[in-house]
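Thanks for coming, everyone. Please put the structure up, and I will walk you through it.

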Amino acid sequence: MYNTNISKEILCWYDKNKRDLPWRKTNDPYKIWLSEVMLQQTKVETVIPYYNNWLKNYKTIQSVAQANLDELLKIWEGMGYYSRCKNFYHAAKEIIYKYNGTIPNQFDVFKSLPGVGDYIAGAVMSIAFNHPHPSIDGNHRRVISRILGIKNVSRYNKNRIYNYLKKIVEIDRPGDLNQAIMDIGSTICKPKEVFCDFCPIQFSCKACVSSKPLEYPKKIYKKKIPTRNLAAALIEYGDYILISKRPVDGQLGGLWELPNIELKNGECPEKLLKKSINNHYACTIKVGKNLGLIHHTFTHFKMNITLFRCLLKHDQKVDSSMKWVRWSELDQYAFSKGNHKLFLLYQKENV
Ligand code: SF4
């Protein structure tokens with residue numbers, strides 16, 4: 001039923017066309033694992049400088065485990081999905097304390113580490129250890145759906161896709177096969193564009209034979225995501241501004257931000273900001289000029305944040321999750337992209 005020649009055709013195409021990527025020049029499981037973590041939800045072009053910079057600073061899994069989470073988040077800053085960084089850090093610690101510094105080469109053991117799911121486990125096992133495990137992400141799912149002529153990616157069809165890939169990775173280069181399908185999905189079998197004439201599997205592909213390959217698989221329309229409105233305070237005291245650290249366990253956990261509050265039911269942002277900064281941050285402020293509005297989108301919601309310039313009324317102590325910092329010191333702290341947009345608003349105002 002399965003055409004084993006397909007694996008050969010795919011590998012032959014890969015040998016001639018594979019993308020030249022830094023993590024393809026190594027078999028080190030640490031580096032391969034790091035690249036796969038960074039590549040989740042992030043484009044290859046974005047990941048490359050982050051990957052190179054990370055390895056310049058943290059050459060081994062041991063050095064990650066010994067690092068401070070704040071330093072790691074600073075290197076990750078701007079790539080988003082910060083839980084990936086935190087999980088990688090906790091997994092590195094587990095590798096040191098539980099596995100004596102050696103990255104496990106058994107699928108189930110490796111998969112039990114924080115942040116490791118089927119995809120990353122399959123990728124690391126196949127690429128670094130040459131074990132025949134499939135790794136299935138959106139690219140794999142799309143390419144194989146097209147080969148098999150699958151329109152609805154139901155649970156039953158997801159199993160078919162898994163079983164198909166499981167069968168064709170049972171060769172001597174499973175890691176290359178997983179990466180080859182990734183490259184086919186990224187370069188010639190894209191969501192909205194296909195180049196079947198250049199595809200090594202065009203003669204075995206049901207979607208191509210149908211001459212309507214883009215109809216496979218059917219597009220899943222995402223639900224509209226909600227919008228949240230917030231007000232943020234840029235609180236000044238002399239040369240200093242106040243920043244606050246988010247709790248490590250929540251969204252954007254461990255990152256720094258300007259104090260802010262969510263607005264509901266059309267409340268007056270100035271009044272609410274003053275009250276909430278007093279309640280939550282124990283600071284008495286005078287809310288000043290509205291510096292403008294920024295928009296930022298996360299996976300599950302959008303945010304509109306209005307920034308207000310505020311003045312601290314008198315010198316007050318703040319708790320350890322907050323800091324008074326000079327503008328010149330801000331680059332020592334990791335902030336989300338949304339916060340960097342707020343800083344730009346302030347800088348525009350002060351040019
Ligand atoms: S033949 Fe066309 S539709 Fe089929 S996998 Fe290749 S590029 Fe995609």
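Start with Thr-26. The cut-offs: buried takes 20 or more other C-beta atoms within 10 Å of the residue's own, exposed takes 12 or fewer, and partly exposed lies in between, with C-beta atoms placed from the backbone. Thr-26 sits in the loop between α1 (5–17) and α2 (29–39). Helices here are DSSP runs of H or I with at least four residues, strands are runs of E with at least two, and both are numbered from the N terminus.

Which residues does Thr-26 contact, leaving aside neighbours within four places in sequence? They are Lys-31 and Ile-32. Contact means that two C-beta atoms, placed from the backbone, lie within 7 Å. Now look at Ala-128. Ala-128 is 102 residues from Thr-26 in sequence, yet their C-alpha atoms are 8.3 Å apart in space.

A word on the source. This is a predicted model: local features need pLDDT of at least 70, side-chain atom pairs count only at pLDDT 80 or more, and totals for chains, interfaces and linings use all residues. Residues are numbered from 1 along each chain as its sequence is written.

Now the whole protein. There are 14 helices and 7 strands. Of the 351 residues, 35% count as buried. The C-alpha atoms fill a box of roughly 75 × 50 × 35 Å along the principal axes. Take the contacts with a separation of 6 or more: 68% of them join residues 24 or more positions apart.

Next, the domains. Domain 1 covers 5–215 and domain 2 covers 227–349. Those bounds come from an automatic or database domain assignment. Over C-alpha atoms, the two centres are 37 Å apart. How many residues are in contact across the two domains? On domain 1 there are 9, and on domain 2 there are 7. Helix α5 (residues 69–76) gives the largest share of the domain 1 side, with 4 residues. By class, that side has 3 nonpolar, 2 polar and 4 charged residues. The classes: Ala, Val, Leu, Ile, Met, Phe, Trp, Tyr, Cys and Pro are nonpolar, Asp, Glu, Lys and Arg are charged, and the others, Gly among them, are polar.

On to helix packing. Two packed helices are described by the angle between their axes and the distance between the axes. Here axes are lines fitted to C-alpha atoms, for helices over the stretch in contact, and angles run from 0 to 180 degrees between N-to-C directions. Under 35 degrees is roughly parallel, over 145 roughly antiparallel, 65 to 115 roughly perpendicular, and the rest oblique.

First pair: α8 (residues 118–129) and α11 (residues 174–187). Their angle is about 130°, and their axes are 6 Å apart. The two are therefore oblique to each other. Gly-122, Ala-123, Ser-126 and Ile-127 in α8 meet Pro-174, Gly-175, Asn-178 and Gln-179 in α11. That contact has 3 nonpolar, 5 polar and no charged residues.

The angle is about 80°, with the axes 8 Å apart. These helices are therefore roughly perpendicular to each other. From α9 come Asn-139, His-140, Arg-142 and Val-143, and from α11 come Ile-181, Met-182, Ile-184, Gly-185 and Ser-186. By class, the count is 4 nonpolar, 4 polar and 1 charged.

Now the ligand. How many residues surround the ligand? There are 14, and the closest are Cys-189, Cys-196, Cys-199, Cys-205 and Pro-213. A residue is near a molecule if its C-beta atom, placed from the backbone, lies within 6 Å of it. Both α9 (138–148) and α12 (206–209) supply at least two residues of this shell. The largest share, 3 residues, is from α9. The shell has 12 nonpolar, 1 polar and 1 charged residues.

Last, some backbone points. Most residues other than glycine have a negative phi, and most peptide bonds are trans. Asn-130, not a glycine, has a positive phi of about 60°. Asn-130 lies in the loop between α8 and α9. Asn-130 is partly exposed, with 14 other C-beta atoms within 10 Å. Ser-211 also has a positive phi, near 60°. Ser-211 is in the loop between α12 and β1. Ser-211 is exposed, with 8 other C-beta atoms within 10 Å. Finally, a cis peptide bond joins Tyr-216 and Pro-217, with omega about -20°. Pro-217 lies in the loop between α12 and β1 (227–237).
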